[in-house]
Amino acid sequence: MRSLGILLMLFSLSFLVAGLAGFLGMADGKGTEYFDSLGFFIRVYLSSALITFAFGFTFWFVGGKKSPGDFELLDREGFAVVGLAWLLVASFGAIPYMMAGELEPLDAYFEGMSGFTTTGATMLETHEVTNETWNGSYEFEEFRDMIFHNITFDNASFRKVDFYGVYFNNCTFINTSFTKTDFHDSMFITCRFVDSRYNNETILLEERSPQGFFKDAEFRDTPSDDWKKVYYPWPKSLLFWRSLTQWLGGMGIVVLTIVILSRFIGSSMQLLKVDLPGLTMTRLKPSIVQTAAIFWKIYALFTFVAIALLRMSGMPLFDAFSNSFTCLSSGGFSPRAMNIEAYDNALYEAIFVVFMVVAGTNFVLHFHLLHGDWRKLVNNSEFRTLISIMLLTTLVITIKLSLDSFYSPLSSLRYAVFQVVSLNTATGYSSIGYGDWPESTRFLLVILMVIGGSAGSTSGGLKVIRLMVLMKLARREISKAIHPQREMPITIGGRTLPDNLVQAVGTYFFVYLGILVIASAVVMFTGEGLMDSVSTVATTMGGVGPPAGAEGPYFSFSAMHPLAKVVLISCMWLGRIEILAGFILFAPWSYRE
């Protein structure tokens, strides 16, 4: 109880980071700045911080005063603390979404759990209006981050209206008037103006460029996909908070707490063992605090290197921060509604691929690499297996997409590399809508979701090391059928694994598979199709984000049945804490002496 209270009191400070960023202002890179009002800061962030701190202080106070030695945790307590921590952090992390009036409680909790577990499944949708006729009068209004597709504005009137980040795609303006109306970072794509006026002056495309009227808007005379650049229709600070939740969850809030409050936690390995899951926990330094601090320093270093590279490559600063936070955490959230596809930039994608691989690699290997011992990385059997899986799957998907004439061979390679690395490392970014890809390629993507990245990384999934153990276990059992008397120990990287560890891997795999099957059946019972049910459960358990069904990355979790949302929230939680902590927390027998 006292440990959870300390964690929540520390966590309450994170609300102020996003709140101050919004209050002080954020630039989008095109001269447009976004500021939150003082009232918004108090209502959304300061109130969230105070509520969380109050609950944390209550837990701490009720827990009573204890000596540092009393905080030495057994395995059972360590699993329970981490399991409860993720449930509580996701709950309090959902408060800003509700305070801002953007999401209902269940959807807000879904978004919070998805953020802190670095899943990347989202409740957000593009604010898109299609094939309508608008003929009303609009005064003193704001339109933000919207897409108008094939809209006819007939006898419409806009007076003292502000458009922020609005895209008009193939729209027609007939006898429409604009009076004291401003456009900020907005765009008109193949639009027509007929008998329309700006401040009582007729807009004649043949005689005068519309830019003369709409000074801060861009125009495209030919069809363009620039409308995909639209942000999600939320305040920028809330999108920043959304990305920050994934960055905090990536290395683990519990690990951060260990670093800051080591004297309360003691020297126990149990919290770190659960929060950085794998087969075993490597202690880099004699002190667990030093080990946890090393992981966070490496994590922060790679994050800020990614920010710098993206910014130097031309990405707006707000986007560079938001995307780097979610890339190194293997989270997959992006402030743009079309995710990484919005940028359509091969250089950005190459940078993301590099850092997704970094995030999906054991951070112990990064420690050795940064200290000049690159051989530990290249000789690591799990890392080599991970890269081999990526290369082989990329090759297969590239050939399939090329043969089926989806894209040119070079474009097929570009999209295949990005999606394979993204889903294999459980990041969940999308650079293209892969929902219409052949089912065989999408089935491979589902397999990659289940496998996941390396142990000791920020990736989710089963982990490559477990797959290696399972493959060797299968080979041993087949060999034993032929040579029953032969001793055949299982070795990984020259190290012989004890039988109890091998048995634990096998048990974990079948429990994981069983939960996947049961959860998929429940989701399918709510009305989803087979492919969508299996892929949504696989993507949430693996911490990936977008499913691999017919809609691909454009799948809307917000439209799902409430029961399905509850099931997927449970899958995100169980996947993040590696299932065992969940059973220990709720199983009655775990509390018996």
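Two strands count as paired if DSSP finds at least two bridges between them. Strand S5 and strand S9 pair over 3 bridges, in the parallel sense. The model is predicted. The points below cover an open sheet of 5 strands, a nonpolar core of 140 residues, another core of 27 residues and the loop residue Thr526.

**Sheet**
- The open sheet runs in the order S5-S9-S13-S17-S18. Its pairing is mixed.
- Strand S5 (137-139) and strand S18 (201-202) form the edges. Each of these two pairs on one side only.
- Strand S9 spans residues 157-159. Within S9, Ser157 is the bridge partner of Ser137.

**Nonpolar cores**
- The largest nonpolar core holds 140 residues. Trp241 and Phe352 have the most contacts inside it.
- Helix H11, residues 288-312, gives the most to this core. Its share is 10 residues.
- Another core lies apart from the largest one and has 27 residues. Among them are Phe143, Phe168, Cys191 and Ala217.

**Around Phe352**
- Leaving aside residues up to four places away in sequence, Phe352 touches Leu310, Met315, Asn323, Cys327, Ile340, Phe418 and Tyr429.

**Thr526**
- Thr526 sits in the loop between helix H20 (499-525) and helix H21 (530-541).
- A polar atom of the Thr526 side chain lies 2.5 Å from the backbone oxygen of Val523.
- Thr526 also touches His561, Leu563 and Ala564, again not counting residues up to four places away in sequence.

Terms used: Residues numbered from 1 in each chain as written. Predicted model: local features only at pLDDT ≥ 70, side-chain atom pairs only at ≥ 80, totals over all residues. Heavy atoms only, no water. Helix = DSSP H or I, 4+ residues; strand = E, 2+ residues; numbered from the N terminus. Core = buried A, V, L, I, M, F, W, Y, C linked by side-chain atoms within 4.5 Å. Buried < 20%, exposed > 50% of the residue type's maximum accessible area, 1.4 Å probe, protein only. Contact = heavy atoms within 4.5 Å. Polar contact = N/O pair within 3.5 Å; in protein donor to acceptor, adjacent residues only side chain to side chain.
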